[in-house]
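Welcome, and thank you for taking a look at this one with me. Please have the sequence and the 3D view open side by side as you read.

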Amino acid sequence: MPSNMEIRRVSATLGPPTGVREAAKVAKLIDTTTCIGCKACELACQEWNDLRSEVTEQLGTYQTLPDLTSNFWNLIRFQDHEKNGEFVWLLRKDQCMHCDDPGCLKACPAPGAIVQYNNGIVDFNQANCIGCGYCISGCPFAIPRISKNTGRVYKCTLCADRVSLGLEPACIKACPTGCLQFGTKGNLLDIAEKRVEQLKSQGFKTAAVYDPPGVGGTHVITVLAYGDRPELYGGLPRNPTVPLYLGIMKTALKPVGNFLMLLAVVGAFAHFMRYGKREDKE
Amino acid sequence: MSNGEAVAVRISGSTATGQTEDFVQGDLVVRHSLAVRVMHWWVTLFFILAFLSGSALFSARFFFLTNLFGGGYATRQVHPWFSILFISGFIFLFLRWVKQMAWAASDTNWIGNFNRYMRYEEIPDTGKFNAGQKLFFWAASLGGLALLLTGVVIWFPTSFPLWLRFISYPLHETVFILFAIAVIYHFYISVLALGGTLRAMTRGTVTRTWAITHHARWYEEIRRK
């Protein structure tokens, strides 16, 4: 966790977060239509973050692993698709989407275990993580993974350590086709929209930018040729939202619960002051 | 009961006929057997531990309580085990008391007089357990079951479907709040408000006066035996 980036949101902490300076909102653009499935980004991620993945199993696909793991944060999903009787691959880079309104952070009961920097990156601080797994349930994209070795959760950091020094994430650096780009979110949305127009003119009528509003938009935005069916891309959710129960718990249950428990103690005290202790005389 | 028998009871904790509670012993009435008392303190201990460790994870305001258990990670690890130990003791008490906790017509009358009861004006006629104790028993039983079922889901989140987790988190917290309020009342009324009650759980005995005042029908029943 880089210490030179200011904090916009922090888990389970009373009082306002500490960031005072404005920062440009960053984003990663994934253009699934120009991805060739070379997996250079996977390797770059493993190298930069010094992760060693488990041994994989052959599932009759080119996909590196069946799923993300606690030490494999960036997986190109290879989805078979049939178009006009022809076989095509739908490739998607599966990783933390860095939601602007992160469900994981909202769910986390451990102070400072999940932070969102002013530039929008959502990061885990394993030193503060208690291994409860609440973030796993709170994440609309099912991203965080608990490590069997440490009992703490891990996921893509958007290379916060590199970004904090003015470098682009490792995966961006490795991408040979330019389907991965890094920059400010505004710029990348412009580029993505232009690409979508291009795709539409090429016959992909439903092409769209995936930047779901249910999580406040994401800092990883994706260009999809079949934008009306994101679920085709290895189960990308159509309308991801911050789970409703988190709002109920945060804004209602916890404060109301604390108040009611306090009220019970005050009530008992008031009763004692008024009626005292009952003694039954012989 | 003869004097000799009373001495025997004091030593062994049971009468010649093997009774461990619900009998008159000199000026005192044996209300709870040694086994019941030990198990009640067992559930008291593990309720407090589960309550404190759970509170730490419930609200950022109480996260400091994790220091009691060796930090956040350790607190998350021990909380479910406190609960399992609590439940194990609770099962004993449940089986022991469940028949006596059946609702009777007089219990409805007791509830109707609850305000007068709390003002120390009147104590309606009751058997061994009054309606308030019965309500607490059933609330704790159902609440304990709900906490256990939702707690297992929260304990092993990746082993259960998402919709079940979405229900379990808020349900666990809601029952926790209600349980905590019920226990605050239970503690207040038995330890602080009603004199002579606590000893039923420490020595196991209560005075005759206490028995006649608080549980008249219970006292009548065991006196006639």
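1. A word on conventions: residues are numbered from 1 along each chain as its sequence is written, and chains are lettered from A and ligands numbered from 1 in the order in which they are written. Please keep in mind that this is a predicted model, in which local features need pLDDT of at least 70 and side-chain atom pairs count only at pLDDT 80 or more, while totals for chains, interfaces and linings use all residues.

2. Let us start with chain A as a whole. Its two parts are domain 1 (7–242) and domain 2 (243–282), with bounds that come from an automatic or database domain assignment. Taken over C-alpha atoms, the centres of these two domains of chain A are 44 Å apart.

3. Next, look for a hairpin in chain A. Strands β3 (residues 75–83) and β4 (residues 86–94) of chain A run antiparallel and are joined by 9 bridges; strands count as paired if DSSP finds at least two bridges between them. One of the residue pairs is A:Glu82 with its bridge partner A:Phe87 in β4(A). The hairpin has 2 residues between the strands, and A:Asn84 takes a positive phi near 50° there. Helices (H or I, at least four residues) and strands (E, at least two) are DSSP runs, numbered from the N terminus.

4. Chain B has a sheet of its own. It is open and antiparallel, with 3 strands in the order β1-β2-β3. β1 (23–25) and β3 (205–207) of chain B are the edge strands, each with a single partner, so one side of each has no neighbour in the sheet. Between β2 (residues 28–30) of chain B and β3(B) there are 3 bridges, and B:Val29 stands opposite B:Val206.

5. Where do the chains meet? In all, 36 residues of chain B are in contact with 34 residues of chain A (contact: C-beta atoms, placed from the backbone, within 7 Å). On the chain B side, α7(B) gives the largest share, 15 residues. By class, that side has 22 nonpolar, 9 polar and 5 charged residues (nonpolar: Ala, Val, Leu, Ile, Met, Phe, Trp, Tyr, Cys and Pro; charged: Asp, Glu, Lys and Arg; polar: the others, Gly among them).

6. Finally, follow helix α7 (residues 244–275) of chain A, which packs with α7(B) at an angle of about 5°, their axes 10 Å apart. Axes are lines fitted to C-alpha atoms, for helices over the stretch in contact, and angles run from 0 to 180 degrees between N-to-C directions. The two helices are therefore roughly parallel to each other, a term for angles under 35 degrees. Their contact involves 21 nonpolar, 3 polar and 1 charged residues.

Definitions and conventions: Two residues are in contact if their C-beta atoms, placed from the backbone, lie within 7 Å. Angles under 35 degrees count as roughly parallel, over 145 as roughly antiparallel, 65 to 115 as roughly perpendicular and the rest as oblique.
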